[in-house]
Amino acid sequence: MRLLVSRLLVAPALFSIPAAVGTISCRGGAPDAGARGSVRAGASPAPPFIEAAAAAGIDFVHFNGMSGQHYLCEMMGAGAALFDYDNDGDLDLFLVQGEMLGPGRTIQQALLSPKPPLPPAGRLYRNELMEDDRSRRSAGAESSPPPLRFTDVTASSGIRTAGYGMGAAAGDFDNDGWIDLYITNFGSNQLWRNNGDGTFTDLTARSGADDPRWSTSAAIFDFDRDGWLDLFVCNYVDFTFANHKRCTASFSRAQDYCSPLAYSPLPNRLLHNRGDGTFEDVSAASGIASESGGALGVVSGDFDGDGWPDLYVANDGRPNQLWINRHDGTFVNEAMLAGCALSGEGKAEAGMGVAAGDFDADGDEDLFVTNLTGESNRLYVNDGRGRFSDQTSAEGLSSSAQPYTGFGTGWIDFDNDGWLDLFIANGAVTAIEAEARAGDPFPLRQPRQLFRHTAGKSFEQISSASGAAFSPWEVGRGAAFGDLDNDGDMDIVVTNNNGPARLLINESGAGRHWIGLRLLGKAASRDGKPRRTSQAGRSAGDAERDMLGAWVEVMRPGRPALCRRARSDGSYLCSNDPRVLIGLGDSPRIGAVQVNWPDGRSEEWSGVSADRWTSLHEGTGQGR
Amino acid sequence: MKARDRAAEIVRRDNRGKSGGRRASRWLGAALGLALLAGGIWVAGSVATRSSSVLPLPDPDLSHLDERTRSLIGQRRPALEAVIRSRGEKVGVISEASGDLGKLYLACKLTGAAEACLMNAQSLASGDPRWPSCLGYLYRTSNQPEKAIACYERVLRLQPGDLAALVWLGRLHLDRNEPEKAEPLFRMCLEIQPSSPSALYGLGRIAMSRRDFAAAVQCFEKALSISPQATIVHYSLAIAYREMGETGKTQAHLALRGDVEPYPYDPLLEELQRILPDPKLHADRGIRAFDAGRWREAAVEFRTAVEADPTDPVLRVDLGGALAKVGDQAGAMEQFQQALRLSPGNARALLDIGSLLERLGSRSEAIRYFRSAVAADLSFPEARLALADELQRQGKYEEALPHFRKAIELDPRSAEARLGEAMTLLRLRRYSQAKRSLEESLGMFPERPEFAHSLARLLATCPEKSLRDGLRALKLLERLPDPGADLEIAQTMAMALAEAGRYDQAVQWQRRCIDSARRAGRSGQTARMEERLALYERAKPCREFWSDESEAPPSGR
């Protein structure tokens with residue numbers, strides 16, 4: 001079956017490499033990868049996204065291990081990670097899986113049977129985009145690009161997930177240029193080191209990165225700016241099979257899932273990367289463990305504009321946290337005073353997913369948190385100093401979200417008009433009356449939503465006009481964002497609890513210009529020497545990695561600058577494309593690109609071309 | 001123009017341009033005929049039903065409802081059917097019966113059925129403001145704001161001075177970012193009732209949206225002066241003060257914030273609560289408030305839940321717990337005892353009575369209840385822990401130890417049980433076992449300073465030489481946030497320094513401890529601290545662990 005995904009790849013001659021740019025390298029060695037030659041005039045009448053998981057070979061179906069007990073954990077997972085594990089220039093996909101739940105229970109006792117392959121396990125899918133593109137070129141094909149295609153490489157990768165999976169986070173922890181994978185579980189977590197040859201090694205025990213509690217989302221960021229990526233792990237509540245409680249539905253006496261408030265919240269964990277393959281637990285020393293809230297979502301960013309990475313944590317049913325970095329290895333939670341702990345009215349809400357982005361183009365990052373049915377999702381607007389105000393209603397995001405429970409979310413400029421839009425994966429957490437009465441054994445289904453930011457004015461929900469990809473009602477949980485087909489617009493992987501993973505391929509950005517940036521920096525080495533050499537021959541001393549946390553400002557003649565951060569965290573249980581994709585609207589003109597690197601230094605490049613992916617290497621721009 | 005007339009005018013202005021057909025048609029209901037159709041009972045319009053289609057009498061699935069609720073519905077539905085069948089009945093009577101059933105369904109959260117009944121009631125008695133008011137509540141609480149707005153507008157057309165409708169409609173507009181529509185409604189409400197905290201709160205929120213923080217402060221302060229229990233207002237007030245740069249007031253109001261909203265008086269809500277009070281709703285609110293440490297609010301919610309279902313022992317235990325927290329020990333005991341009467345052998349109630357007695361100083365009596373709780377539920381880790389802890393406090397270490405171990409077996413993640421076990425082992429001088437236990441627990445709970453601290457003290461002071469390790473103790477203590485801030489940890493630091501041979505530093509730390517204890521008025525402890533200081537000054541380490549009750553080890557609970 002061919003996938004009808006239009007990827008407008010064009011010949012490299014249409015774009016010249018500007019001399020002023022330090023290094024231009026298109027990903028995967030294909031010089032034209034992602035370059036778009038012709039820009040369509042006018043908006044496309046076609047739906048912005050098409051669902052293409054099955055056609056692309058993603059046959060993953062989540063298994064939640066439910067047996068009728070209504071264990072709290074069974075309806076919370078699971079996530080996904082988008083990362084280029086084989087360094088071939090395209091995003092690969094890891095999908096987190098559950099397992100049978102309950103002491104002594106076997107898979108045969110599952111209320112809803114798992115789909116093969118069995119036993120259920122996390123799966124790694126390799127994106128064959130660049131490989132197929134090379135084959136097409138060598139065959140002399142000039143016409144339409146090959147369909148997006150994924151291959152299940154779990155077996156050959158060596159990844160053997162253990163435990164009941166929740167989320168995933170991807171980052172190059174050992175600075176060898178190969179992205180590693182951290183998997184959170186209801187139970188012990190796992191750290192998989194990327195060996196650089198297509199295989200992974202379980203480093204959990206040796207690294208000290210484990211957490212035996214119920215972990216959910218994780219953020220990878222360099223909190224002490226020492227060049228090594230650290231790890232923040234959200235922990236949820238102290239639910240166990242032993243302390244499982246029986247709760248009933250609001251509309252009947254039938255058993256339903258409990259509120260997380262029925263259990264005690266767990267403290268989160270901050271792991272400092274020592275740079276020698278091990279992590280030091282600094283949760284207590286940093287102050288992070290001093291407050292617990294039942295964390296589900298986390299995003300890093302410099303919210304108070306002091307150049308140091310902070311953390312925003314969405315808590316379920318309890319006040320959210322804003323951990324401000326005090327530059328000395330410690331953090332202080334200032335969410336209450338900052339105005340982003342509660343709703344504008346002062347209510348603690350059921351924070352699930354979280355996104356940070358400069359939606360109003362004023363040069364700082366604003367926060368969006370997804371919440372429970374009957375509440376509202378929440379938009380906190382930053383004044384640039386880390387003080388927020390709840391502008392949910394003012395921006396038109398209030399009443400439209402109330403019917404649904406939001407989970408995965410992200411600021412994405414899906415139509416490349418330069419304004420960040422919002423995507424939300426929805427799914428209930430307690431039975432929906434109508435679905436239950438209709439006999440649905442898992443009555444938590446809700447639709448996903450897309451909100452367009454209309455020229456910086458307010459948000460307009462366009463889900464119903466967004467085609468079949470937005471039609472199905474599913475138990476949406478994670479949403480991972482990235483340009484899977486390298487065509488310059490943001491695609492989405494949606495994970496569903498006890499349902500199939502969905503691949504939403506963006507077809508709408510094709511009418512506008514864009515700039516794609518991969519921000520690469522030299523790996524840090526405490527002693528200046530390579531730490532290990534991968535089988536692919538690269539060592540930590542000369543490897544580069546994605547500089548998570550780098551802040552990009554794209555100057556545009558006569559128009560406001562556009563600011564974005566390179567990050568993989570945010571959303572819910574997911575890890576996103578670490579590259580930066582910026583829609584430019586109708587004009588491809590770019591003045592300069594400034595990058596503020598995570599260590600505080602800045603560089604500027606001029607002459608970076610629009611409508612293609614470009615790698616900016618730390619140290620090759622003009623220092624500022 | 002009177003306030004009530006102006007309210008009607010505001011709604012009329014808002015509706016200008018809307019279809020006139022939506023207006024209430026008083027004649028319509030009276031002209032409706034009745035018909036019985038095959039397969040079910042219908043209330044059908046026999047004459048021109050230009051604005052209403054009358055809906056079939058719903059027959060929702062009640063299988064999941066409790067017996068009491070089913071029985072209530074079982075009475076009202078036949079009553080409605082009977083009045084429909086009785087050709088002599090006037091439509092007003094039918095409307096009333098339909099509305100009553102609708103309200104019952106609404107109280108049961110059977111929203112689909114409630115909507116149909118209430119719509120029918122409204123169609124049959126279109127001049128009655130109760131039915132659009134009920135529908136407004138239904139739509140407001142089921143996330144259908146557009147429909148809720150239409151209903152409250154209808155209420156205000158029929159009854160312009162309806163305070164609840166004015167506030168609810170104002171809030172709905174505010175949530176939709178329509179402050180210009182909300183403001184006149186709140187102002188109208190204040191004209192009718194100048195001391196309406198909910199209207200003041202609404203106006204404050206409007207001022208916030210306009211960044212007029214001084215005006216917002218005025219409204220919020222006034223709302224709180226009228227209704228101090230509306231603790232949610234403190235948050236908005238804090239944010240307004242923050243924007244005005246008044247940090248002190250900001251912090252003060254943040255500390256006072258709570259969840260209680262300034263609701264308008266709404267007779268409908270009261271009636272719904274009377275029809276079928278929802279104990280679960282209030283219990284959930286109570287749990288939320290309790291978890292957040294707002295004991296008074298929790299007690300109010302639990303009491304409401306108990307009133308709604310006096311036969312539920314769990315609710316009584318919850319209420320007792322909240323009352324104990326606010327210092328009403330007698331009230332708490334009464335609730336626990338009631339729970340025991342309702343559910344003899346209720347382990348939770350036995351445990352709570354024991355805990356209360358323990359707090360009141362009746363420790364032997366407390367142990368008796370803890371033992372009963374354990375016997376009532378052998379797999380109840382909290383009861384085991386309470387019994388073990390009290391036995392330990394009473395010096396019955398050998399007896400306490402197996403209970404701590406059973407508590408750990410039942411709940412391996414119980415930090416309290418693990419700490420209790422380790423402390424008991426120390427008391428029993430089983431130092432190497434205690435060390436192993438603390439090390440294991442530290443690995444499991446790295447964020448809990450009690451384990452690092454206890455292990456550090458053991459390493460610094462253990463009578464068994466082979467277990468002492470001053471340097472490791474120091475490392476453990478240095479990882480704790482601000483070890484100097486806690487007197488006990490600071491003393492352990494001095495002990496560790498002494499064990500590591502750094503007596504000068506140990507002396508400095510110990511002197512600081514003594515100063516801090518004096519400043520804190522803990523002069524009773526300084527004698528022993530000075531004895532230790534004397535040891536360090538003579539370059540001798542400390543070999544005491546936690547030696548008496550005045551310097552007790554961390555408690556297991």
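Student: How are helix 22 and helix 23 of chain B oriented to each other, roughly parallel or roughly antiparallel?
Tutor: Helix 22 of chain B and helix 23 of chain B are roughly antiparallel to each other (an angle over 145 degrees; under 35 is roughly parallel, 65 to 115 roughly perpendicular and the rest oblique). This is a predicted model, in which local features need pLDDT of at least 70 and side-chain atom pairs count only at pLDDT 80 or more, while totals for chains, interfaces and linings use all residues. Residues are numbered from 1 along each chain as its sequence is written, and chains are lettered from A and ligands numbered from 1 in the order in which they are written.

Student: At what angle do the axes of helix 22 and helix 23 of chain B cross?
Tutor: The axes of helix 22 (residues 397-410) and helix 23 (residues 415-427) of chain B cross at roughly 155° and come within 9 Å (axes are fitted to C-alpha atoms, for helices over the stretch in contact, with angles from 0 to 180 degrees between N-to-C directions). Helices (H or I, at least four residues) and strands (E, at least two) are DSSP runs numbered from the N terminus.

Student: And which residues make the contact?
Tutor: Helix 22 of chain B contributes residues including Tyr397(B), Leu401(B), Phe404(B) and Ile408(B), and helix 23 of chain B contributes, among them, Ala417(B), Gly420(B) and Thr424(B) (contact: C-beta atoms, placed from the backbone, within 7 Å).

Student: Switching to chain A, in what order do the four strands form their open sheet?
Tutor: The order is 23-24-25-26 in chain A, with antiparallel pairing (strands pair if DSSP finds at least two bridges between them). Strand 23 (406-412) and strand 26 (458-461) of chain A each have a single partner strand, so one side of each is left without a neighbour in the sheet. Neighbouring strands of this sheet are turned by 25° against each other on average, direction ignored.

Student: How many bridges join strand 25 and strand 26 of chain A?
Tutor: Strand 25 (residues 449-454) and strand 26 of chain A pair over four bridges, and Arg452(A) has Glu460(A) of strand 26 as its bridge partner.

Student: What about confidence, say the average pLDDT of chain B?
Tutor: Chain B averages 83, and 86% of the residues score at least 70 (pLDDT is the predictor's confidence in each residue, from 0 to 100). Over residues 10-52 of chain B, however, the pLDDT is below 50, although this stretch has 66 contacts in the model beyond near neighbours in sequence. For the complex, the predictor gives an ipTM of 0.84 and a pTM of 0.73.

Note on methods
Contact = placed C-beta atoms within 7 Å.
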